[in-house]
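Please read it alongside the sequence and the coordinates.

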Amino acid sequence: MLKSRACLIMLSLVSLLWGCGGGGLNLPNVVNPPNPTPNPPTGYRVTVTLNMNQVYEGEEVTCTAEVSPSVQQVINWKQEPSSPTGRFSPLSGAVVRWHAPLVERATSFSIVAYIVVQGRTYEGSSSVVVLDKSEPPQEPPRISIDWPKGETVVGAGVLLTIIGTVSQGSNPLKELVVLDSDGSLLQKWPISPGDFRVDLSNFGSPGRKVIRVRAVDSAGLYGEQTIAVTNDNSLLDEEAREFLKKYSCVAGTNTIRFGNLGTGPYTKPVRIYLIDEAANYRNLVEEACQFWQKYCGFSFEVYTIHMGDTAPLPAIAIIPKFNEDPGVVALTERGYANTYEVAEADISLYKGWLDWPQNTQTGALTHELGHALVTASEIEEFGSRCVLWPILTDYRDQVIPTIMQRAIHLVYSYPPGWQP
Ligand SMILES: [Zn+2]
């Protein structure tokens with residue numbers, strides 16, 4: 001369900017408030033999830049800051065590491081690539097100096113700080129360019145990452161969307177590269193200055209680790225940021241089941257899911273019926289479908305019909321109510337074939353939806369499809385870029401977090417009423 005809240009934020013034309021409610025024909029009460037109990041720290045984040053991002057050979061860089069939560073362990077340092085070799089002094093500690101090696105041409109290095117706690121290594125890094133004395137100064141590319149925030153659990157079959165911004169240094173940008181913790185290549189994409197959004201599907205070695213996201217220029221210089229991930233299929237499954245118990249189960253035990261798409265999963269496409277004037281917005285509906293297809297593997301068939309026509313169930317209907325303005329822009333109502341199976345989802349679009357810009361119209365459709373396919377409740381625990389998060393200010397920001405993706409794979413791999 002979407003409510004319009006005009007001019008709340010000066011910078012954006014619209015700000016959407018996702019309200020809960022709606023309710024299907026036989027919808028059981030949606031129980032608000034209990035406040036999550038804070039877990040004891042299960043990992044450490046190491047952040048490295050350098051006092052400059054380019055130096056001449058033989059000069060020194062001051063390197064500072066912060067570990068959170070704080071821990072007594074010794075902070076060690078290394079450089080990558082390891083050759084030509086610079087020198088750390090002292091060899092360990094929260095603040096060290098790195099004496100840059102002699103280079104033949106401008107070369108990027110990653111300065112890596114790491115701690116070992118109970119046999120596990122946690123690391124962070126930052127990059128610096130070392131210039132040959134005969135060279136003019138060269139700025140490396142810069143990169144910032146907005147998403148994911150914090151540590152993310154990943155595993156087979158899910159996408160980790162990475163959203164950020166890159167800017168060019170002295171040389172044209174060439175590619176965005178994601179490296180595993182051992183330096184091996186996971187994935188790369190061509191890139192140009194400005195915002196980027198990529199989907200990482202290769203997570204490399206299993207376990208908890210830091211992967212590096214680099215913006216590399218035509219001379220091989222790079223700027224880098226790190227992302228903390230835990231690549232663990234069973235942990236991903238476990239958290240996905242918890243998600244389902246909270247958001248897509250009757251009393252936390254049996255899953256509710258859309259229609260009989262077959263198990264296995266998704267042996268049948270989801271049928272969507274555009275009623276009357278809704279047919280004018282077919283391209284937006286199809287765009288919203290592509291979003292769900294990309295993240296969750298659903299396929300869709302979109303038809304146009306008139307109000308009063310009959311259509312076989314299960315189905316989703318998109319109903320234009322553009323002359324009504326109930327204060328919400330869109331609303332999904334679910335009707336049930338039985339306790340565990342949604343047979344029909346009616347997505348009503350109101351006047352407020354019509355008034356929105358096109359990208360947020362698509363964003364709203366994407367959100368409502370989530371109510372039809374995943375859960376009637378609003379989900380607030382994965383951060384503001386989540387598709388079912390209550391506030392959406394920018395369609396570019398919509399993602400389905402990895403745990404939710406896995407949850408949807410799971411729920412559609414079993415018949416309705418399955419116990420996660
Ligand atoms: Zn909603």
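**Strand pairing and helix packing**

In this predicted model, strand S14 (residues 173–179) pairs with strand S15 (residues 185–190) in the antiparallel sense, over 5 bridges. The points below take up this pair, then an open sheet, and then a pair of helices.

*The S14–S15 hairpin*

- S14 and S15 form a hairpin with 5 residues between them, and Gly183, which lies in the turn, has a positive phi of about 90 degrees.
- Within this pairing, Leu176 has Trp189 in S15 as its bridge partner.

*The open sheet*

- Four strands make up an open sheet with mixed pairing, in the order S4-S10-S9-S6; its edge strands, S4 (54–56) and S6 (76–80), each pair on one side only.
- From one strand to the next, the twist averages 35 degrees.
- Strand S9 (residues 107–117) and strand S10 (residues 120–131) run antiparallel and are joined by 11 bridges, and the bridge partner of Tyr114 in S10 is Glu123.

*The H2–H4 contact*

- Helix H2 (residues 282–296) packs against helix H4 (residues 358–373) at an angle of about 55 degrees, with the axes 8 Å apart, and H2 is therefore oblique to H4.
- The crossing in which H2 passes H4 is right-handed.
- H2 contributes Leu284, Val285, Glu287, Ala288, Phe291 and Trp292 to the contact, while H4 contributes Gln358, Gln361, Thr362, Leu365, Thr366, Leu369 and Leu373.
- By class, the residues of this contact of H2 with H4 divide into 8 nonpolar, 4 polar and 1 charged.

Technical notes
Residues are numbered from 1 along each chain as its sequence is written. This is a predicted model: local features need pLDDT of at least 70, side-chain atom pairs count only at pLDDT 80 or more; totals for chains, interfaces and linings use all residues. Two strands pair if DSSP finds at least two bridges between them. Helices (H or I, at least four residues) and strands (E, at least two) are DSSP runs, numbered from the N terminus. Axes are lines fitted to C-alpha atoms, for helices over the stretch in contact, and angles run from 0 to 180 degrees between N-to-C directions. Angles under 35 degrees count as roughly parallel, over 145 as roughly antiparallel, 65 to 115 as roughly perpendicular and the rest as oblique. A crossing is left-handed if the near helix is turned anticlockwise from the far one by less than a right angle, and right-handed if clockwise. Two residues are in contact if their C-beta atoms, placed from the backbone, lie within 7 Å. Ala, Val, Leu, Ile, Met, Phe, Trp, Tyr, Cys and Pro count as nonpolar, Asp, Glu, Lys and Arg as charged, and the others, Gly among them, as polar.
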